[in-house]
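Student: I'd like to learn how to read a model like this one. Can we go through it together, one feature at a time?

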Amino acid sequence: MDSIHFIQIHEKEESYKQDVTIRAVLPAKQAFALVGIRGQHVQQIEKDCSVTLRVYPVIGRLVSISGQPENVSKAWTMCLGYLSNCYPAQYTTDVAINFLLTRDLVTLLRDPLETNFSFEYIARATGARIYLKEGTLPESTEQIVRVSIPTMEQVNLFKGAVCLLADNIYAYPQLAMSPETTYFIPRGHEDDIAVSLMNDAAVYDPN
């Protein structure tokens with residue numbers, strides 16, 4: 001399915017009643033690029049997308065966006081645009097963001113027999129590539145799910161993939177936002193994550 005057509009269909013669906021939250025971990029200090037001068041980027045994203053965006057002051061790495069699934073995907077797409085403008089050398093090829101999903105939700109999404117919106121389906125339906133990194137992050141039950149596109153010219157592929165991840169969080173709140181979840185919190189530079197060095201547990205290609 002053409003990714004742009006896919007997103008247009010999704011935008012016509014009935015609006016959701018329950019907000020979702022998608023967190024991501026960025027390379028050290030890059031999250032502050034999303035803040036902008038006097039918070040102008042955050043204000044613009046929140047206004048344009050009707051979401052709540054939080055940048056946590058721990059090494060400037062953790063970012064969370066809450067709102068309706070479609071709005072959250074739009075907001076993360078805007079974030080990717082700001083990051084690519086501030087750090088063009090790092091967002092020229094293999095443009096990606098490392099999202100954090102709970103281990104229980106990841107287990108579900110790995111099995112195409114358990115859900116219609118598995119990682120495999122998301123990759124094929126949207127054209128984005130999805131990397132599932134091995135293991136959970138330190139002292140947490142969260143795993144890194146990397147959503148990647150070749151260049152910023154294919155940003156609609158990214159938006160479609162994030163939208164389907166948000167759909168899954170909405171559909172399975174007992175897995176995505178369980179009280180038993182231990183959320184990842186960077187505690188200092190010694191906990192800095194070299195995601196590029198982490199082994200891939202699985203790679204889901206769009207082809």
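Tutor: Helices (H or I, at least four residues) and strands (E, at least two) are DSSP runs, numbered from the N terminus. This is a predicted model, where local features need pLDDT of at least 70, side-chain atom pairs count only at pLDDT 80 or more, and totals for chains, interfaces and linings use all residues. Residues are numbered from 1 along each chain as its sequence is written, and side-chain values use heavy atoms, leaving out hydrogens and water.

Student: Which residues of helix 2 are buried?

Tutor: The general idea comes first: an α-helix has 3.6 residues a turn, so residues three or four places apart point the same way. In helix 2 (residues 40-49), the buried ones are His41, Val42, Ile45 and Cys49. They sit on the same side of helix 2, because they cover an arc of only 100 degrees around the axis, taking the directions from the helix axis to the C-beta atoms. Gln43 and Lys47, on the other side, are exposed.

Student: What do the buried residues of helix 2 pack against?

Tutor: Their packing partners are strand 2 and helix 3 (69-86), with contact meaning heavy atoms within 4.5 Å. Just after helix 2, Ser50 has a positive phi of about 55 degrees.

Student: And strands, how do I read their pairing?

Tutor: Two strands pair if DSSP finds at least two bridges between them. Strand 3 (residues 62-67) is largely enclosed by the rest of the structure, because five of its six residues are buried. Strand 1 (residues 20-25) pairs with strand 3 in the antiparallel sense over six bridges, and Thr21 stands opposite Ser66. Strand 2 (residues 52-55) also runs antiparallel to strand 3, joined by four bridges; there, Val55 has Val63 as its bridge partner.

Student: Where is Thr115 placed?

Tutor: Look in the loop between helix 4 (103-109) and helix 5 (119-126). Thr115 has a relative accessible area of 5%, so it counts as buried. Not counting residues up to four places away in sequence, Thr115 touches Leu108, Leu109, Asn168 and Tyr172.

Student: How much confidence does the predictor give the chain?

Tutor: That's pLDDT, the predictor's confidence in each residue, from 0 to 100. The protein chain has a mean of 86, and 85% of its residues reach 70 or more. Over residues 3-9, though, the pLDDT is below 50. Where pLDDT is low, the predicted coordinates should not be read in detail.

Note on methods
Buried < 20%, exposed > 50% of the residue type's maximum accessible area, 1.4 Å probe, protein only.
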